[in-house]
Structures are given as C-alpha cells and as structure tokens.
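Good morning, colleagues. Please look at the sequence and the structure as they come up, and I shall begin with a single residue before turning to its surroundings.

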Amino acid sequence: MDIGIVGCGAIANMIVSKFISDDDGIKIKYFFDTDMERAENLAVLADGVAVLKLEDMLPHVDLVLEAASPNALKSIALGILGSGTDLMAMSVGALMDADFRHDVYNTAKEHDANVYAPTGAIVGIDGIKAAAMGEIYEARLTTRKSPKSLGRDVEKEEILFEGKASEAVKEFPVNINVAATLSIACHMDIDVKIIVDPKVDRNQHEVYVRGEFGEFKTCSMNLPSKANPKTSQMAAYSAIRLLESFGDNFHIGT
C-alpha cells in the first residue's frame, strides 16, 4: 500500500519513523505541507517525494493520511475522496460538523473510497461501538492536561470548558479530537469537561458511558509527544496500528 501524508509535524514524523524500518507492505512515499521545508525534510527521511500540491500525489497513492488540522481536513477531504482515494483522518474534530460529515460520507460512498479514523488517545472505542447497538443514555469525557499541553499559563487547577463535544472541538481544535471520536462512536453529542492542571504531566482522559448494556468507565494517562506536547504518543500509535491492520489476516475487535 502506497501512502501520502498531509501535515508533516510530530505525528507524521512518528509514523514515518516506524514504517521506514519495517517490511510490512506499507510504503509512505509522498508528503505535502504548507511549510514546504517540513515536507522536504520528511521526504528525505523516508526516501520519498515532497509535492507542491496535494493533487500531485493522488494518482500515485492508495491512501492519504491527514495529520494537519481540522481546517485542513475540511479543505482537502472531499477532493481526496472524490478521486477515489482512501482517507485516514487524524483531525476527527472536523467531523463534528454534521454537514461536513454528511458530505464526507456521501462522497466516499459515491466514489467507492474509505474513510478511517484512528481511535487516538483514548481506550474503549470497540466497547462503545458495541454498546451503541443498543441505546446509550449518557456519555461523558473528562480531560485533564498540563498547562504546557493546553498552551496556558496557570498555577492552579482550572476548568477551561464544560459543555458539549461539538462546542469543545471549536474552542480546542487541536486538543480534543477524542471528544469527537467518542461522539461519533456513541451517535450522540457527548458531555465534555476540560481541566488544566499544573500537577499532571500526562494527558488524562476519563470516559463514562451508560446505556442498555450497563455502564463502563475507562481512564487513560498518556505521555505527550516529545516533539509536540499537545499530542499524545498514543494518537500516533493508534494510526500506526490501524495502518498495520490492513495487512492482517487475523482480526481482534471491531
């Protein structure tokens, strides 16, 4: 499988570093970024090609991995899918826009393309998808991050946001993709609380779901990426694992 990457930051670098050493059929060959230098640096690392325009890679790849931003995803998704190319979206928060999500779904269906969204920095998505086969009564996410991760300068714990996921992704577009992932999996606009806490050095996500199936709670405490404290290591790992799964003959989970 030949892959192109849009957005050549911390996540892209982690993904490329994994696949340049593995002989697993995944070839990351094309790179695009609004900062051409970043694209060129990553292309050198992967022995690939930096392109001046996204459209230049589409005839040569099976899948485009977006690791840029919600706004970037909104601007490129329909063109990628319209070419019949599969898309992996890291900026899942953009899909909380119902009209955009509808357009993505219809374009993918019309052009026989697939859209993939890695689970990101949280656990339990398989369970939530199974639970959503029945009615879910309540779903909430409490995220606790350091001031550095949230780009804030505070000396004590502070609640930055409390409300619905659809609003959280607007106020924190690069910090709270997990809220969108949970909402889409639950088929509802979940409740979200975001806390900045100087006492923590990990990105913490507590999930609570209650429905016809019963209830469950999960808690993940992820180390932030050394290259970008706003991103958890787990977010990149989830994308890597999803890419690897395309070559699997044995599957566990949904």
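Ala 10 lies in helix α1; helices here are DSSP runs of H or I of at least four residues, strands are E runs of at least two, and both are numbered from the N terminus. The model is a predicted one, in which local features need pLDDT of at least 70 and side-chain atom pairs count only at pLDDT 80 or more, while totals for chains, interfaces and linings use all residues. Residues are numbered from 1 along each chain as its sequence is written, and side-chain values use heavy atoms, with hydrogens and water left out.

Is Ala 10 buried or exposed? Its relative accessible area is 15%, so Ala 10 is buried (buried means under 20%, exposed over 50%, partly exposed in between, with a 1.4 Å probe and protein chains only). Leaving aside neighbours within four places in sequence, Ala 10 is in contact, meaning heavy atoms within 4.5 Å, with Ser 225, Ala 227 and Asn 228.

I turn now to the helix as a whole. Of the 10 residues of α1, 7 are buried, so the helix is largely enclosed by the rest of the structure. Those buried residues are Ala 10, Ile 11, Ala 12, Met 14, Ile 15, Val 16 and Phe 19. Their cover includes the strands β1 (2-6), β2 (27-32) and β4 (63-66), together with the helices α2 and α9 (233-245).

How do α1 and α2 pack? Helix α1 (residues 10-19) and helix α2 (residues 36-46) meet at an angle of about 10°, with their axes 10 Å apart; the axes are lines fitted to C-alpha atoms over the stretch in contact, and angles run from 0 to 180 degrees between N-to-C directions. The two helices are therefore roughly parallel to each other, a term used for angles under 35 degrees. On the α1 side the contact is made by Ala 12, Asn 13, Val 16 and Ser 17, and on the α2 side by Leu 42, Leu 45 and Ala 46.

Finally, the chain. The protein chain has 9 helices and 11 strands, and 48% of its 254 residues count as buried. Residues 24 or more positions apart account for 70% of the contacts with a separation of 6 or more. The C-alpha trace spans about 45 × 45 × 35 Å along its principal axes.

Definitions and conventions. Parallel < 35°, antiparallel > 145°, perpendicular 65-115°, else oblique.
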